[in-house]
Amino acid sequence: MGNMNKYLTYLLRFFVIILLFFAINTSCKKEPTAPRIKIDTCYQTTGMYILNEGLFNMNNASLTYYSFDDSLATTDYFESKNNKKLGDTGNDMAIYGGKIYIVVSTSSHVEVVDVKTGKGIKRIPFFDGNKPRQPRHIAFCQNKAFVCSFDGTVQVIDTTKLEIEKDIKVGRNPDGIAMANNKIYVSNSGGLDSPNYDKTVSVIDFGTLTEIKRIAVLINPTYAVADKYGDVYVVSRGNYDDVKMRLQVIDSKNDSVKKTFNDFEALNLTIVGDTAYVYYYDFASASGSKIMLIDAKNETLISNNFITDNSKIETVYGIAVNPLTHDVFVTDAHAFTKTGEVICFGSNGKKKYSFKAGLNPSYMGFLNVVKGK
Amino acid sequence: MQNNTNTLVNNKERLSSIKKLFLFIVLVFVSVANLYSQSKLKDTVSIKEVEVKAVKPKTEDKSLESMQQISRVELDRSSGNTADAAVKTFSGVILKDYGGVGGIKTVMVRSLGANHTGVFVDGVQFSDVASGQVDLGKISTDNADNVSLTIGQSTQLCQPARFFASANVISIHSSDPVFDSTTFHCKTSLKSGSFGMFNPTISLQNKIGKRSFTDVSCNYVRANGEYRFKMPSNDTTGRRTNSDIQSLNLNARYVSTFSDSSKLSVNLYFFNSERGLPGAVIIGNPFANSKQRLWNNDFFSNLQFNNNPSHRLQLLSNVKFSTNYLRYLDPEYNNIAGKIDNRYTQREYYASQAASLKVIDSLHLSLASDFFVNTLDANLENYARPTRYSWLTALSARYGYKRLEANGSLLATIVREKTENGNAAPARNVLTPSLLLGYRLTKSPFIKLRFLYKDVFRMPTFNDLYYTLVGNNNLKPERAKQFNLGISGYSHLGIFEYISIKIDGFYNRVSDKIVAVPTKNLFVWSMTNIGQVDCRGTELQLQVQTKKLAKIQYSAMCNYTYQEAVDVTPNSATYNQQIAYLPFETFTASASANYKSITLSYTSLFNGYRYVLPENIYANMLHGWWVSDASLLYDLPIKKCKLRAKAEVNNIFDKQYEVINNFPMPGRSFFVTLSMIF
């Protein structure tokens with residue numbers, strides 16, 4: 001009986017040791033975690049919007065929607081979705097926060113449209129009592145939209161309530177607006193007093209919503225576009241005679257002009273990533289349009305001619321680059337009294353395809369949605 | 001300030017030299033007139049009295065030139081009492097109407113714009129050298145005897161050279177009073193109705209001595225011009241405001257016929273108006289263009305002399321001075337001044353001598369020479385202040401033998417310009433011929449074939465040449481070649497005591513057409529000579545007048561025009577497309593019934609669809625429209641006076657339509673006019 005007890009004790013001890021051994025081992029060994037399931041979220045461009053300016057006093061501003069799924073362009077898209085017309089002179093368009101903001105200058109209102117459905121959300125009137133303000137261009141900063149109007153003011157709109165909250169007085173006949181470094185830059189053209197043009201850019205501070213500075217620029221400043229490096233590119237159109245159209249760069253860190261491109265004339269531009277697409281055409285010689293490429297980081301000219309095949313564009317009136325596909329869309333307004341078209345170029349400057357838009361197509365915006373939705 | 005004094009001094013100098021020239025011409029004129037008033041009287045010849053039964057054929061149904069007329073009787077029955085209302089029912093005419101009582105009204109005849117149409121009142125041309133367009137709403141037809149539209153030119157023997165210088169001529173003639181037993185006539189009327197209309201007129205005719213008379217008339221219009229509208233192109237509704245008008249028109253004529261049947265007439269015209277300009281209706285902006293205003297102040301004086309109309313050598317002399325002031329105000333412009341306040345003053349000094357000689361019975365030769373000076377002054381910065389010297393000489397010959405009639409003319413135009421600021425337009429010397437041929441096929445019924453070829457041009461206006469930023473002082477004149485081939489006839493037929501039919505086919509080719517294109521930037525469009533237009537069409541006209549059926553006399557007319565005017569500018573983006581604002585079809589029909597002293601009339605006007613931009617797409621289309629008017633006239637003689645009451649309803653069916661894109665026209669309106677003639 002004694003031996004049996006001895007073996008049992010040994011076995012028990014051995015059992016405890018092994019138990020301990022396993023206990024130690026399993027506590028050091030990491031428990032395998034549940035495997036991570038990776039979900040592929042892919043954005044794609046389903047369509048694009050093109051704003052057709054129309055002509056002054058013709059009530060024919062319109063919106064074209066081009067669907068990439070079926071390659072169909074619907075002119076009068078806004079009218080078909082809302083049973084009413086956009087208005088007179090569609091001057092600017094921008095997509096922000098799932099909404100399209102269309103600045104209809106002569107009708108003196110901003111039409112806010114849902115980007116997915118094309119249905120109008122609100123029409124914001126721009127009147128000073130009985131006097132139309134004539135809004136011209138729009139820029140955004142955080143939750144506010146800023147619209148410059150030809151009567152020398154900038155309206156601040158809350159992007160949720162879609163109401164004008166404040167009017168800020170700037171220079172004469174502002175015709176361009178952009179945001180950089182939490183400040184709003186407004187080009188004061190003074191165009192209605194030609195040849196006594198204005199030559200300043202107003203700087204509005206986002207925090208206080210007041211004008212804090214006026215930067216001296218070349219006469220008749222208009223279009224303003226900001227890059228991601230805190231620079232604001234402003235085109236000064238001169239006097240349509242001996243003073244030529246020039247592109248200037250304003251540094252938003254010290255609010256002064258840091259460079260002027262004196263080697264070429266420029267009419268307007270769009271900036272995507274590190275590249276600025278600058279276009280120009282000479283009305284007097286009617287020799288066709290020109291699109292130049294500028295490096296936005298170093299402010300140097302990359303190419304004198306973006307188009308590398310022999311495609312001819314009569315009158316460039318707008319450029320937009322799809323940030324997903326890097327395709328470059330250029331509008332051609334022809335002679336301004338005939339419906340224009342949109343031409344798609346690859347990033348290599350070769351024409352891919354084109355489609356008809358409305359009268360004087362200018363600004364464009366892309367509808368990017370999640371795949372499958 | 002220094003600048004202003006200098007320009008004042010320059011103006012004075014220029015004025016005094018023109019005044020001297022003007023006075024010299026008046027002196028020459030008066031001395032020539034004196035010479036002719038002293039020639040001997042011919043012996044009188046007596047003829048047997050013959051009763052004429054047939055209806056007198058209308059001039060336009062027999063004439064060599066293609067012509068349409070509306071008589072005093074027809075003017076009384078139709079709606080409106082201004083020149084635009086009279087011409088809009090003519091074949092081949094498109095009236096461009098900006099709407100309302102004060103809205104500007106200009107005409108397009110066979111696709112040739114208002115700049116190609118000369119407007120003459122009693123032989124004096126109403127011209128606007130700044131814009132080249134005459135607002136027909138300014139010309140009253142209350143005292144007119146007839147209003148006519150002539151394609152090409154009139155073939156009357158003795159006419160100033162200026163009558164040869166337009167593609168088409170609208171002519172308004174005042175009635176000469178007939179004094180039976182009295183030496184004094186007075187006509188007074190009051191028109192009232194829709195748009196707050198208040199329109200009194202008064203006209204006094206006084207016989208002086210045996211062969212002279214004075215004719216003074218005064219016409220005042222005041223209206224608020226407001227009306228409700230619903231625009232068919234975008235369903236916008238609203239009320240037209242800032243369309244009030246206040247105008248005063250004074251006319252004075254002194255006509256003296258001498259013992260040798262030569263005639264001297266002095267004509268004075270004064271027009272003053274202030275009106276609101278309602279502007280285009282803009283979606284979402286009821287205050288757009290809501291405060292613009294326009295002032296006009298026009299004056300002209302004309303001296304005319306013609307010798308005995310039965311002389312072998314006919315003479316017609318004219319001397320005229322006119323001044324036109326226009327002020328445009330936009331008190332809401334976003335410039336430093338906060339407004340646009342443009343003032344323009346035009347002056348014209350004109351002298352003309354025309355002569356016509358009857359060589360043999362079948363051949364007449366005419367020579368006319370006109371010299372005139374036009375100046376334009378404006379308060380625009382650095383304005384050019386141009387002066388244009390024009391010398392027109394027209395040589396024409398008319399031959400008529402049996403069935404054949406021919407009229408050929410050659411017009412020489414010499415123009416020189418100078419400016420105070422900037423370059424002046426270059427000198428122009430243009431020679432333009434024209435030929436009219438007529439061949440009578442049968443005498444009863446009267447059927448005649450007509451052919452017209454005319455080479456015509458219009459000088460660029462001062463606005464085309466010198467307007468700040470827009471003007472192009474190198475512009476060439478716009479040229480047009482007109483062709484017309486037609487057949488016209490008249491007769492009596494059964495119950496119709498008069499029936500006339502006209503069928504015309506026409507072709508116009510316009511070259512160097514002055515068109516605005518962007519040459520500096522999108523906002524600044526300049527004038528260039530790049531257009532070419534090809535226009536072809538047909539006009540059909542029918543007029544009938546019945547005998548008295550159950551004591552009622554009926555008359556009716558209808559006309560139809562079909563035209564295609566396409567852009568044939570080489571390399572044009574809209575090649576072969578119909579030009580803007582020209583409907584393909586227009587149709588007018590009117591009928592009236594007269595029973596003793598009551599007349600009922602009905603007119604219907606149809607303008608087919610047209611495009612508002614050169615591109616012929618649905619988005620640019622303005623729908624066609626039918627508008628009908630009716631009027632009731634009642635004459636009541638009381639002792640020595642005659643009372644007349646007229647009630648008119650315009651646009652009976654309240655049709656909402658636009659002639660110019662975004663300028664809605666008034667709906668239904670009513671007017672009552674009471675007049676007294678004694």
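User: How many salt bridges does the structure hold over all chains?

Analyst: This is a predicted model, in which local features need pLDDT of at least 70 and side-chain atom pairs count only at pLDDT 80 or more, while totals for chains, interfaces and linings use all residues. Residues are numbered from 1 along each chain as its sequence is written, chains are lettered from A and ligands numbered from 1 in the order in which they are written, and side-chain values use heavy atoms, with hydrogens and water left out. A salt bridge here is a side-chain nitrogen of Lys or Arg within 4 Å of a carboxyl oxygen of Asp or Glu. Over all chains, the number of salt bridges is 49.

User: Which residue forms a salt bridge with K144(A), and which parts does the pair tie together?

Analyst: The partner of K144(A) is D158(A), and their closest N and O atoms are 3.1 Å apart. Both K144(A) and D158(A) are buried, where buried means under 20% relative accessible area, exposed over 50% and partly exposed in between (1.4 Å probe, protein chains only). Strands are DSSP runs of E with at least two residues and helices are runs of H or I with at least four, numbered from the N terminus. Because K144(A) lies in strand β11 (residues 144-149) of chain A and D158(A) in strand β12 (residues 153-158) of chain A, the pair ties together parts that are 14 residues apart in sequence, namely β11 and β12.

User: What does D76(B) meet in a salt bridge, and where are the two residues found?

Analyst: The side chain of D76(B) meets that of R644(B), at 2.9 Å from N to O. This pair links distant parts of the chain, 568 residues apart. D76(B) is buried, and so is R644(B). Their places are helix α3 (residues 72-77) of chain B for D76(B) and strand β32 (residues 641-650) of chain B for R644(B).

User: In the salt bridge of E405(B) and K448(B), which residue counts as buried?

Analyst: The side chains of E405(B) and K448(B) meet at 2.8 Å, N to O, and they link strand β20 (residues 404-418) with strand β22 of chain B, 43 residues apart. E405(B) has a relative accessible area of 24% and is therefore partly exposed. At 3% relative accessibility, the residue that counts as buried is K448(B).

User: How much area do chain B and chain A bury between them?

Analyst: In this model 35 residues of chain B are in contact with 40 residues of chain A, contact meaning heavy atoms within 4.5 Å. Buried area is the accessible area (1.4 Å probe) that two parts lose on being put together, summed over both. Of the area that chain B and chain A bury, 58% is on carbon and sulfur atoms, and the total is about 3200 Å².

User: How many salt bridges and how many residue pairs in polar contact are found across the interface of chain B and chain A?

Analyst: A polar contact is a pair of N or O atoms within 3.5 Å; within protein, one must be able to donate a hydrogen and the other to accept it, and residues adjacent in sequence count only if both atoms are side-chain atoms. Across the interface of chain B and chain A the salt bridges number 0, and the residue pairs in polar contact (both at pLDDT 80 or more) number 11.

User: Is strand β2 of chain A mostly covered or mostly open?

Analyst: Strand β2 covers residues 62-67 of chain A. S62(A), T64(A) and Y66(A) point one way from β2(A), whereas L63(A), Y65(A) and S67(A) point the other way, and all are buried. With 6 of its 6 residues buried, β2(A) is mostly covered.

User: Which side chain does the side chain of S352(B) contact?

Analyst: S352(B) lies in strand β17 (residues 340-360) of chain B, and its relative accessible area is 5%, so S352(B) is buried. Not counting residues up to four places away in sequence, S352(B) touches several residues, among them P160(B), L316(B) and S369(B). The polar contact of its side chain, at 2.7 Å, is with the side chain of D370(B).
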